[in-house]
Each structure stands twice: as C-alpha cells, then as structure tokens.
Amino acid sequence: MLQRNNRWPASILGVMLYTLVFIYAHHFWSAASEQAVRGQPELLLFLLPGCLMALLQPESPLISTLWVALGGTLLGMMWLMLAVPMTHSGLLIVAWSLSALFWAGCGALLVRLLRIMLAMRAE
C-alpha cells in the first residue's frame, strides 16, 4: 500500500507518463492521418497510464486516474500547441482527448476488475 505522503510523487509520475503517451499518440495520429489508416489503435496506449495509476493509488483508482489524465491532457495540449503547428481542428483534438481520457479510465477499471477477481479466487 502506498502511504499518504507518496500520493504526490505517484501523481506526478502518472502525469508525466500520460503526457508522454499523449504526445507520442498524437504524433502517430498526425502521421497516420496522411495515409488511409482506419481506426486509431494508438488510443489503446492510454490504458498504460490508467493501469499504472490504479496500481499506485489503489484507494481511489478511477478518480486519481481521471485527475492525472486531465492534467496530462492539458500539459500535452500545451506542449503540442507550442511545438507543433496545428493540422487538425480544435474540436477534433478535444474529441480525441476525451477518447484518451476514456481509455485511461478503462485501464484503471481493468486493474480494479482484476483485483476483484483475484480477491474472489483467494476466498
């Protein structure tokens, strides 16, 4: 179990990982939009920060994951606006960011489900 004073380092680690995944996935999305690729499998990468946050903060996995994802989304969007010229409309980027939040939450819920299943098996 994580001690109470270790929440901030875990949150900072989660924001950093989420921001890195956000930047990488956005780069992959921008490069793939020029080709005729269907779907966006890079959004599945957001399961990783969700799983990590659920493992690091087990007392509130979904809430902490969503706060970390929101912070990481804001940092990632600021970084992309400063470093990369915008090739997509703002509304499309907001929709893509909400999909990323959804997949991060799914990662946290997946860890929660696995913990429940393991607890039931141990009984």
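Tutor: The model is a predicted one, in which local features need pLDDT of at least 70 and side-chain atom pairs count only at pLDDT 80 or more, while totals for chains, interfaces and linings use all residues. Residues are numbered from 1 along each chain as its sequence is written, and side-chain values use heavy atoms, leaving out hydrogens and water. Helices here are DSSP runs of H or I with at least four residues, numbered from the N terminus.

Two packed helices are described by the angle between their axes and the distance between the axes. For α2 and α3 the angle is about 130 degrees, and the axes lie 8 Å apart. Such axes are lines fitted to C-alpha atoms over the stretch in contact, and the angle, from 0 to 180 degrees, is taken between N-to-C directions. α2 and α3 are therefore oblique to each other. In this scheme, angles under 35 degrees are roughly parallel, those over 145 roughly antiparallel, those from 65 to 115 roughly perpendicular, and the rest oblique.

Which residues meet where α2 packs on α3? From α2 come Gly-50, Met-53 and Ala-54, and from α3 come Pro-61, Ser-64, Thr-65 and Val-68; contact means heavy atoms within 4.5 Å. By class, four of these residues are nonpolar, three are polar and none is charged. Nonpolar covers Ala, Val, Leu, Ile, Met, Phe, Trp, Tyr, Cys and Pro; charged covers Asp, Glu, Lys and Arg; the others, Gly among them, are polar.

Helix α2, residues 47–56, also packs against α4: their axes come within 6 Å and cross at roughly 45 degrees. That angle makes α2 oblique to α4, and the crossing is right-handed. On the α2 side, Leu-47, Gly-50, Cys-51, Ala-54 and Leu-55 take part, meeting α4 residues that include Trp-103, Ala-104, Gly-107 and Arg-115. This contact has nine nonpolar, two polar and one charged residues.

The remaining pair is α3 (residues 61–83) with α4 (residues 90–122), whose axes come within 9 Å and cross at roughly 150 degrees. α3 and α4 are therefore roughly antiparallel, again in a right-handed crossing. Among the residues that meet are Pro-61, Thr-65, Leu-66 and Met-77 in α3, and Ile-93, Leu-101, Ala-104 and Arg-112 in α4. The contact divides into 11 nonpolar, four polar and one charged residues.

The structure holds one cavity of 30 Å³ or more, and the largest cavity has a volume of about 40 Å³. On a 1 Å grid over the protein atoms alone, a cavity is a set of points where a 1.4 Å probe fits but cannot get out, and lining residues have an atom within 4 Å of a point. Grid points are joined across faces, edges and corners, and the volume is the space filled by probe spheres set on them. The lining consists of His-26, Met-77, Leu-80, Met-81, Met-86 and Ile-93. Its largest share, three residues, comes from α3. Five of the lining residues are nonpolar, one is polar and none is charged.

Definitions and conventions: Helix = DSSP H or I, 4+ residues; strand = E, 2+ residues; numbered from the N terminus. Left-handed = near helix turned anticlockwise from the far one by under 90°. 1 Å grid on protein atoms, 1.4 Å probe; cavity = no way out; pocket = protein on both sides within 12 Å on 5 of 7 lines; lining within 4 Å.
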